[in-house]
Amino acid sequence: MACQHLYKGSRRIVHPTAPNTNPYGGNITIVNQVHAIQEKLDPVSFVRPEEDALVIHLRLGDILENAQANVSDMLIAGADPGWKGNHRKGIKSVREFLENIHDSGAEKVRIIGGSHRRNMFMKSRVYAGCIYRAVQAAGYNVTMRIEGVHPDVDFYYISHAKKIVVSAGGYSNLMGQIAESRGGQIIGRKFSIHWAPKKKKKPRHL
């Protein structure tokens, strides 16, 4: 629900300093209103992360499953996502995640991930599991949730983070922007999304 309000305005031209908007034209005020309704109707599901926790969003699914690199290479050196127009090394290595955590100063780490395609999970589960175990071995208080939760619940949780690590992809990027609008901080790399303008249809001549 909430992210749809941002996508609906994604191609609308908006001045970058306009209030209550994100760079894609989505109305953050509407998202805040939706979130207020969600937390009132279902306070058990729609919860916020701890103030002192770093939230890491893992974009799983197609960008890992379709990547040319194997999981070992992803974990050691990072890799390019499996899509056209990809972000260079958009799949982060273990080392980059640990550097992000160190830079954040947080002792609590909350890993949230998921895929919008149910049949794409083989590389994703191994990758996410290894990231979790590496963070745990480094001595941090870490939890991970990658399946079984509605995207709106994850969107609410992540976009309320005070410190957040984002992944390549529009969904993660939007959550990072909303977190920033609420006073949060993106740790590490940002992955901007540039929407292609709609092509104008040529008029038919009779």
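This is a predicted model: local features need pLDDT of at least 70, side-chain atom pairs count only at pLDDT 80 or more; totals for chains, interfaces and linings use all residues.
**Stop 1: colour by confidence**

Start with pLDDT. The chain averages 82, and 75% of its residues reach 70 or more. Then select residues 7–19. The pLDDT there is below 50, and the stretch has 18 contacts in the model beyond near neighbours in sequence.

**Stop 2: helix H7**

Select residues 151–159. This is helix H7, and eight of its nine residues are buried, so the helix is largely enclosed by the rest of the structure. Show the side chains of Asp152, Val153, Asp154 and Phe155 and you are looking at buried residues. Tyr156, Tyr157, Ile158 and Ser159 are buried as well.

**Stop 3: Phe46 and Tyr156**

The structure holds two aromatic pairs. Take Phe46 with Tyr156. The two rings sit edge-to-face, with 5.6 Å between the centres and 80° between the planes. What does this pair join? Phe46 belongs to the loop between helix H2 (28–41) and strand E1 (53–59), while Tyr156 belongs to H7, so the contact ties together parts 110 residues apart in sequence. Phe46 has a relative accessible area of 12% and is buried. Tyr156 is buried too, at 1%.

**Stop 4: Phe155 and Tyr171**

Now select Phe155 and Tyr171. They form an aromatic pair that is tilted: 5.7 Å centre to centre, with planes 55° apart. Phe155 is in H7 and Tyr171 is in helix H8 (residues 170–181), so this pair links parts that are 16 residues apart in sequence. Colour by accessibility here. Phe155 has a relative accessible area of 0% and is buried. Tyr171 stands at 22%, which makes it partly exposed; the cut-off for buried is under 20%.

**Stop 5: Arg145 over Tyr157**

Where does its charged end go? The charged end of Arg145 sits over the ring of Tyr157, 5.5 Å from the ring centre.

**Stop 6: Ser167**

Move to Ser167. Look in the loop between strand E4 (163–165) and H8. Buried or exposed? Ser167 is buried, with a relative accessibility of 8%. Draw two distances from its side chain. One runs to the backbone oxygen of His57, at 2.4 Å. The other runs to the backbone nitrogen of Arg59, at 3.3 Å. Then show what Ser167 touches, leaving out residues up to four places away in sequence: His57, Leu58, Arg59, Ser172 and Phe191.

**Stop 7**

How many salt bridges does a search of the whole structure find? It finds nine. Begin with Glu50 and Arg110. Their closest N and O atoms are 2.8 Å apart. Glu50 lies in the loop between H2 and E1 and Arg110 in strand E2 (residues 108–114), so the bridge ties together parts 60 residues apart in sequence. Compare the two partners by accessibility. Glu50 is partly exposed at 29%, whereas Arg110 is buried at 8%.

Next, select Asp52 and Lys108. This salt bridge has its closest N and O atoms 3.5 Å apart. Asp52 is in the loop between H2 and E1 and Lys108 is in strand E2, so the pair connects parts 56 residues apart in sequence. Asp52 is partly exposed, with 45% relative accessibility. Lys108 is also partly exposed, with a relative accessible area of 26%.

**Stop 8: Glu96 and Arg189**

End with Glu96 and Arg189. Their side chains meet in a salt bridge at 2.8 Å, N to O. Glu96 sits in helix H5 (residues 94–104) and Arg189 in the segment after strand E5 (185–186), so the bridge ties together parts that are 93 residues apart in sequence. Glu96 is buried, with a relative accessible area of 18%. Arg189 is partly exposed, at 27% relative accessibility.

Methods:
Residues are numbered from 1 along each chain as its sequence is written. Side-chain values use heavy atoms; hydrogens and water are left out. Buried means under 20% relative accessible area, exposed over 50%, partly exposed in between (1.4 Å probe, protein chains only). Helices (H or I, at least four residues) and strands (E, at least two) are DSSP runs, numbered from the N terminus. Rings of Phe, Tyr and Trp (its six-membered ring) pair if their centres lie within 6.5 Å; planes under 30 degrees apart count as stacked, over 60 as edge-to-face and the rest as tilted. A charge sits over a ring if NZ of Lys or CZ of Arg is within 6 Å of the ring centre and within 35 degrees of the ring normal. A polar contact is a pair of N or O atoms within 3.5 Å; within protein, one must be able to donate a hydrogen and the other to accept it, and residues adjacent in sequence count only if both atoms are side-chain atoms. Contact means heavy atoms within 4.5 Å. A salt bridge is a side-chain nitrogen of Lys or Arg within 4 Å of a carboxyl oxygen of Asp or Glu. pLDDT is the predictor's confidence in each residue, from 0 to 100.
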